[in-house]
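Here's a quick walk through one model, taking in a helix residue, the sheet and a pair of packed helices. Have the structure open as you read.

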Amino acid sequence: MMGDTMPAPLVLDLLRHGQALPGSATGDHGRPLAPQGRQALERLGDRLAREGSRYDRALTSPLVRAAESAAAVLGAFARHLRVETLDELAPEAAPTLLLEALRELGVTRGHALLVGHQPLLGRLALLLTGVETPFAPGSLVRIECPGGLEAGAGRILLTLHPE
């Protein structure tokens with residue numbers, strides 16, 4: 001029927017932070033990206049922008065290396081996107097609680113970048129797709145969730161690992 005539109009599907013880009021320095025004065029929470037980690041993420045951002053990725057939302061864990069990773073990737077995009085901090089993206093968070101938080105924030109359609117850590121991202125990908133997925137530092141896995149933020153409702157569209 002004309003005039004009916006299908007809701008935009010939900011696509012999640014799960015990005016593990018880039019290679020970080022081994023330590024900081026503030027402990028694990030404050031570890032910054034290593035220069036080579038930042039450069040790899042800037043190249044990734046260039047590739048994503050060139051290939052036409054357009055993010056509606058960007059969310060990151062509260063750890064410094066994740067926020068720096070989001071900034072490095074998003075720096076390649078012409079549209080400035082505010083990065084939101086989400087505690088449920090911390091390394092040891094539960095994927096079910098992350099899905100609940102995303103629903104509460106209205107991340108239910110469009111294209112979102114989620115920047116976090118292991119083991120959370122691997123557990124989230126497994127929960128959504130049923131597929132074990134490796135996440136080296138700087139890896140990105142794109143998951144389409146046409147069935148919403150539900151266990152088994154997603155499928156992997158793209159996997160990129162750092163050069």
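## Arg65 and its helix

Let's start with Arg65, which sits in helix H2. This is a predicted model, and in it Arg65 comes out as buried, with a relative accessible area of 5%.

What does Arg65 touch, leaving aside its neighbours within four places in sequence? The list of contacts reads His17, Ala20, Asp28, Arg31, Pro32, Leu33 and His117. As for the helix itself, H2 covers residues 64–74 and lies across E1, E2 (57–60), E3 and E4. Relative to E4, H2 runs at about 135°.

## The sheet

Now for those strands. Six of them make up an open sheet, and reading across you get E3-E2-E4-E1-E5-E6, with mixed pairing. At the edges stand E3 (83–85) and E6 (155–160); each has a single partner strand, so one side of each has no neighbour in the sheet. From one strand to the next, the twist averages 20°.

Take E1 (residues 10–16), which pairs with E4 (residues 110–116) in the parallel sense, over seven bridges. Within that pairing, Asp13 has Leu113 in E4 as its bridge partner. E1 also pairs with E5, this time in the antiparallel sense and over six bridges, and there Val11 stands opposite Glu144.

## Strand E5

Is E5 buried or exposed? Six of the six residues in this strand (140–145) are buried, so E5 is largely enclosed by the rest of the structure. Follow the side chains and you'll see Leu140, Arg142 and Glu144 pointing one way, while Val141, Ile143 and Cys145 point the other way. Both sets are buried, the charged residues Arg142 and Glu144 included.

E5 also pairs with E6, in the antiparallel sense over five bridges. Here Val141 stands opposite Thr159 of E6.

## Where H3 meets H4

Last stop: two helices. H3 (residues 95–104) packs against H4 (residues 120–129) at an angle of about 75°, and their axes are 9 Å apart. Angles of 65 to 115 degrees count as roughly perpendicular, and that is therefore how H3 and H4 are arranged.

On the H3 side, the contact is made by Pro95, Thr96, Leu98 and Leu99, and H4 brings in Leu120, Arg123, Leu124, Leu127 and Leu128. Sorted by class, that contact has seven nonpolar residues, one polar and one charged.

Note on methods: Residues are numbered from 1 along each chain as its sequence is written. This is a predicted model: local features need pLDDT of at least 70, side-chain atom pairs count only at pLDDT 80 or more; totals for chains, interfaces and linings use all residues. Side-chain values use heavy atoms; hydrogens and water are left out. Two strands pair if DSSP finds at least two bridges between them. Helices (H or I, at least four residues) and strands (E, at least two) are DSSP runs, numbered from the N terminus. Axes are lines fitted to C-alpha atoms, for helices over the stretch in contact, and angles run from 0 to 180 degrees between N-to-C directions. Contact means heavy atoms within 4.5 Å. Buried means under 20% relative accessible area, exposed over 50%, partly exposed in between (1.4 Å probe, protein chains only). Angles under 35 degrees count as roughly parallel, over 145 as roughly antiparallel, 65 to 115 as roughly perpendicular and the rest as oblique.
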